[in-house]
Amino acid sequence: MNGWSEKILDIDLTTGSIKTYPLDMEMARLYVGGRGLGTRLLWDLVGPQVDTLSPENVLIFTNGPLTGTGYQTSNRFSVSTKSPLTGTVLDANSGGFWGMQFKKAGYDVLIVRGKAEKPVYIEIKPEQVSLHDAMELWGMRVNALTQKLGQEKNHRNVLCIGPAGENLSRIAAIMNDGQRALARGGPGAVMGSKNLKAIVIEGKEKTGIADQEKYKFLVYETRKMLAANPLTSQALPEFGTVVMMNLVNNIGALSTRNFLHNQFEGAEDISGETLTEKYLVKNDACWACPIRCTRISKTDKVKGEGPEFQTTWAFGAQCGIADLAAIIEANCLANDLGFDTISAGNTIGCAMELSEKRFIDSDLRFGRGDLLARTLEDMAYRRDLGADMAEGSLRLATKYGAPELSMTVKGLEMPAYDPRGMQGQGLLLATSNRGACHMRGNMLGLEVLGLPKMIDRFQVQGKSSYVILNQNSSAAIDSLVLCKFTSMAVADEYFARVLSAVTGIKYATGDLIRVGERIWNLERLYNLREGFTNKEDTLPLRLLNEPAPDGATRGWVVHLEPMLKEYYRARGWNELGIPTAQKLVELELDGMQTGEKENQR
Amino acid sequence: MIDERIFETFREIGRDLYAADMISSHGGNLSIRLGDHVVIKRRGSMLGNLKPQDLVETRIDKNDSGVALASTELLVHRTIYQQTPALAIVHCHPRTAIAFSLSRDEIVPIDNEASYLLKKVPVVTEEFPSGTPQMAEKVAQALQNYKIIMLRGHGSFAIGQTLDEAFFWSSTLEESCQIALAVKLINEPFIEYRKNSEGYGKW
């Protein structure tokens, strides 16, 4: 079959069994790959009775039908699990090289179940899949481990956890070739709970393409699109993702000091321009990516990939820190320890406010860049206050009596955008199925960058339409699996045509968006089954009640309620946010349990 | 109550369509999707001179009192919203493109801009007029695979996330057809400058 390898690799760490079996191709047609396929399999494998850090939780690694084809940014892959941070459905995806190797190894899906008696790592080679003792590797940090097990000019790639994952921090990431991450929602803790230190992979198979002529034309036209768009051809290559810092700050939508402010006086000092001028060694790229937004940065103390915009914000504006060298060093350390940098920085910012307001006794204060490294180490090894911070900001703030100071949605830490200045982003974050996430659709394009065209960022009426389309589109792109930056320059129409050319199955643009809608609704059903209700579709109270104090957003709060009502109706959900029977039939999801009775209690 | 920001967008795009000679005094149509509702021009109003009361809001999936005032083309707009990811629709009467639609089953641009942006624009035939299910179904079907299509001898339907975007596709098509017409008038050998040019016709 073209596009898919049609094969699932299933490893049970408790018994040591390694099985392969065919992928259900009807499931592949409906859910495509990546996030979609992962969510569908998770629905069957992990129910509400499962504790997220127990052997019954699973890790489902997936690639998509475009992964490894060579289409622009076709390098990504995904992991799905039940989140130990939020208890919601979770998937996280990552770029680099591992996903391409995973596809070349001949699998669409890798399921990891159970728990090994002692630490192990998985080795996947073209001729053999095996489990190895990892006792000597346990305790190693990410960079040293990656160098020990992997690379060889990107013919052998490594996923692993660091101390944060080993110590079951709920904000631990699975690290990808040392510097990239499957980050959000704590998948590193699930891997740690299974005593699984690493997954090493090599592959050699080529992905089949049904219509080479059409595929080549689409690659050629996509190249033009990426080259002609200033974001993908100039801004991202020259400044990295941190190019957003000044843009978002200028409109008063850069969350600052745990969202007490919406503009940061030190934004210029931590901007993409400053990063390029003072710390950039060179830029780099994931496999098959012409954008090259990856930064290689260097300070007096460290050299490494990044930092990305969200990381720079999390350790920077969120903590009131304008020292870019300290932020770069915190980024390298967080990667080496194996953290989700957004949640780590956001949690530190929360702890700083808790400390300033004397809910906790600590020397943490906004602006204390000198404390970042020590705090991260404490979190990874669960020392002192770090033990509570390793649980994420909601558990931290709740324990010390001020849950309202946790800037989270459904327990996941917010990204950089202050939604008081981007009303659509507010609705998007409130309704995101894995919690506050800017990668489940992003209104940055429409509300800030004018991609494809600018809309009024303060408009409330009608915002649900844009948010829903973005969420559905995002779920589809996460299932192909492609990079979101490509979609800033290239329309969904192209992706549908590429999917058709690669697989030989006809997908119109609307069909692809419908796949995304199906995934979104299944994720919603999953969360309802877990006991979530419409009450969790909200934002931190600060953003709903405290007017933004700064700049062009001054005076605004998020007008969530009218947007949310419109959103439920437009989604075909009832007033409690439950998909109607008619909607489920329309999406071929009928028969799935709705959890409606629990939700009405 | 329709947000004044939304009215302002309708007013500007309507005015520009009229100024660009892409509609007659009462011709053409604009609509946007607002959740499960559609906002569309009132029947008999003039796009080039819209007033706030000229916009009508009604449901996408079923009738309410709004349909009594809505444009005769409401059905085609609703069908497009039901069958495609469109959030905005621009329907206009670009004259040169209409002229080409009378002799071709597809318009494949030869200028660089429209080749890059549109690739190919299919022409669909339906003699039943605006407002009929026959026409609505054909137009919506064609827009599942293209962002702008021509209804033979009638006009264009373009979709996008915003009116701005759909207007862009519409004006790009008309500009491209005017260039193609000029090329015909000049009547000199065409120099193919596009690598992989055969790909556009197969889009």
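Tutor: The account starts with the domains, then turns to the core, the chain contact, the helix pairs and the backbone.

This is a predicted model, in which local features need pLDDT of at least 70 and side-chain atom pairs count only at pLDDT 80 or more, while totals for chains, interfaces and linings use all residues. Residues are numbered from 1 along each chain as its sequence is written, and chains are lettered from A and ligands numbered from 1 in the order in which they are written.

Start with the domains of chain A. Domain 1 covers 7-201, domain 2 covers 240-413 and domain 3 covers 419-600. These bounds come from an automatic or database domain assignment. The centres of domain 1 and domain 2 of chain A, taken over C-alpha atoms, are 26 Å apart. Domain 1 of chain A puts 35 residues into the contact, and domain 2 of chain A puts in 28. Two residues are in contact if their C-beta atoms, placed from the backbone, lie within 7 Å. On the domain 1 side, α4 (142-149) and α5 (163-166) of chain A each give two or more residues. Here helices are DSSP runs of H or I with at least four residues, strands are runs of E with at least two, and both are numbered from the N terminus. α5(A) gives the most to that side, with three residues. By class, the domain 1 side has 14 nonpolar, 18 polar and three charged residues. Nonpolar means Ala, Val, Leu, Ile, Met, Phe, Trp, Tyr, Cys and Pro; charged means Asp, Glu, Lys and Arg; the others, Gly among them, are polar.

Now the core. The largest nonpolar core has 253 residues. Such a core is a set of buried Ala, Val, Leu, Ile, Met, Phe, Trp, Tyr and Cys residues joined through C-beta atoms within 7 Å. Those with the most contacts inside it are A:V109, A:A198, A:A351, A:L376 and B:V139. Leave aside the neighbours of A:V109 within four places in sequence: A:V109 is then in contact with A:I8, A:L9, A:L23, A:L37, A:L41, A:I60, A:F61 and A:T62.

Next, chain against chain. The contact takes 24 residues from chain A and 24 residues from chain B. On the chain A side, α7 (212-228), α19 (463-480), α22 (509-529) and α24 (560-571) each supply at least two residues. That side has 10 nonpolar, seven polar and seven charged residues.

α24(A) also packs within its own chain. Its axis lies 10 Å from that of α17 (423-431) of chain A, at an angle of about 65 degrees. Axes are lines fitted to C-alpha atoms, for helices over the stretch in contact, and angles run from 0 to 180 degrees between N-to-C directions. The crossing is right-handed. A crossing is right-handed if the near helix is turned clockwise from the far one by less than a right angle, and left-handed if anticlockwise. α17(A) brings A:Q423, A:G426, A:L427, A:A430 and A:T431; α24(A) brings A:L560, A:M563, A:L564 and A:Y567. The contact has six nonpolar, three polar and no charged residues.

Chain B has a helix pair to set beside it. The axes of α2 (74-83) and α5 (133-142) of chain B come within 8 Å and cross at roughly 35 degrees. This crossing is right-handed. From α2(B) come B:L75, B:V76, B:T79, B:I80 and B:Q83; from α5(B) come B:P133, B:M135, B:A136, B:E137, B:V139 and B:A140. By class, there are eight nonpolar, two polar and one charged residues. B:V139 was named above among the core residues with the most contacts.

Last, the backbone. Most residues other than glycine have a negative phi, and most peptide bonds are trans. The bond from A:L451 to A:P452 is cis, with omega near 0 degrees. A:P452 sits in the loop between α18 (444-449) and α19 of chain A. The bond from A:L480 to A:V481 is also cis, with omega near 0 degrees. A:V481 is in the loop between α19 and α20 (484-489) of chain A. A:A288, not a glycine, has a positive phi of about 60 degrees. Its place is the loop between β13 (280-284) and β14 (294-298) of chain A. A:A288 counts as buried because it has 20 C-beta neighbours inside 10 Å. The cut-offs, with C-beta atoms placed from the backbone, are 20 or more others within 10 Å for buried, 12 or fewer for exposed, and partly exposed in between.
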